Every structure is written in structure tokens, then in C-alpha cells.
Amino acid sequence: MGYFSRAKAITKSDTINPLPAWEFMNQTGTLGTNLKGSLIYVGGAGDVNVIPAGTEGAQNTVVALTVSDGGSGYTAANNVATTTTGNGSGLTVNTTVVAGAVTAVAIGNSAGTGYKVGDTITISGGGADATLTVDEVLSLAPVVGDGVEFAGLDAGDIIPIYVDYVLSTNTTATLLVAGRESSLG
């Protein structure tokens, strides 16, 4: 590691805002909480819970679907499993059914991951012939559960990984400073 060419006092937070927390990286006028691969200096001993740089949330989750073919033999249900002809997996749907055919769906308790717009989804159950088309996908930011805790840090320690977020959950250390190495800009 080199030396810090830029430094700023930071406040721990469980708010994941992907906008940069560094003014020189953020031209929106609204600072986020993303430290964009900073190093963290610990001024007061304790534990620090961080999300490592580059950690992503669920990628390509389903946001919108269209019923392509209502199929037959279905009854209305929630959190129904699906399969796809694409690479995605894990999507569940809540179905509205009229006369055995699926007429509408809503995303159930899982939006799945790995889907692409245009993927064909088949709803399980019934005649296993109702199909949906993926209309929109969204990649998500990391969540607090993605944190990695560094325990028992002393004043003066620097967390030995690049960090995007410093979480308030399980962070007891104080006087935290984010720094950028001279080589990182």
C-alpha cells in the first residue's frame, strides 16, 4: 500500500447508496455512501463491518413479465416455481387463473437471478404449459448481509482490503477515515 492522497472522515451506515461518497468522483451534487474501493483507517479501537469493493447484489433479477400463453389446468397460487429456457433461475410467481388458464402474474417471494429480457419462463403445476416472457430485469446493489467483519482492531489499524461501504451493523470502532491511495486517484 502507498499513502493516502485523499482522506475523509466517514460515518458508518447501513444505507447502501451506489453513488460515490467522494466529491471528486461524484458529479451529481448528491453524495452516496459508496467509498469506491477506499482503505479504512481506524482511529478508535473496535470492530468494523464492511462490504468489500466490487461486491454486487443479485444480478439480472426479474422486474416485469408478460403472460405469453395461459396454459391449462392451473389453479391460482402464490410463490409457484418456474423454469426457463435461458440461464436464469429461482423466480417464483403469484398467479391469477381463470378457467384453468393463467391470466396474470406477479413476482412471488423471489425475483430470481441471471435472467435476460426475452427469456421464456414456464410456470410449474397445472399442465406445465403456461409461459411468460421476461420484459425487464434489474441488477441490485449489495445488502448489509454481504458485510465482512474485522474484529478486535486497534487504533491506528488500516483494514487490509479495499472497501465500498462501512456498515453500522456490528461496527463498534470509532473515528473512521476513508483514504484513497495516491495511485487510485
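Strands, like helices, were taken as DSSP runs numbered from the N terminus, a strand (E) needing at least two residues and a helix (H or I) at least four. The structure is a predicted model, in which local features require a pLDDT of at least 70 and side-chain atom pairs count only at pLDDT 80 or more, whereas totals for chains, interfaces and linings use all residues. Residues are numbered from 1 along each chain as its sequence is written, and side-chain values rest on heavy atoms, with hydrogens and water left out.

By this assignment, A81 lies in strand β5, which comprises residues 80-84. Because its relative accessibility is 40%, A81 counts as partly exposed, a class that falls between buried (under 20% relative accessible area) and exposed (over 50%), as computed with a 1.4 Å probe on protein chains only. When residues up to four places away in sequence are not counted, A81 touches L91, T122, I123 and S124, contact being defined by heavy atoms within 4.5 Å. Between A81 and T133, which are 52 residues apart in sequence, the C-alpha to C-alpha separation is 15 Å.

Strand pairing, which requires that DSSP find at least two bridges between two strands, gives an open sheet of 3 strands in the order β1-β12-β2, with antiparallel pairing. Its edge strands are β1 (4-9) and β2 (39-44), each of which pairs on one side only. From one strand to the next the twist averages 30°, where axes are lines fitted to C-alpha atoms (for helices, over the stretch in contact) and angles run from 0 to 180 degrees between N-to-C directions. Strand β12 (residues 174-181) runs antiparallel to β1 and is joined to it by 5 bridges; in β12, A178 is the bridge partner of K8.

K8 also lies over the face of W22, at 5.7 Å from the ring centre. A charge is taken to sit over a ring if NZ of Lys or CZ of Arg is within 6 Å of the ring centre and within 35 degrees of the ring normal. The charged end of R6 is likewise placed over a ring, that of F24, at 3.9 Å from its centre.

An open sheet is also formed by 3 strands in the order β10-β3-β11, with antiparallel pairing. Here β10 (148-153) and β11 (163-167) stand at the edges with a single partner strand each, so that one side of each is left without a neighbour in the sheet. The twist in this sheet averages 35° from one strand to the next. Strand β3 (residues 46-52) pairs with β11 in the antiparallel sense over 4 bridges, and N49 has L167 as its bridge partner in β11.
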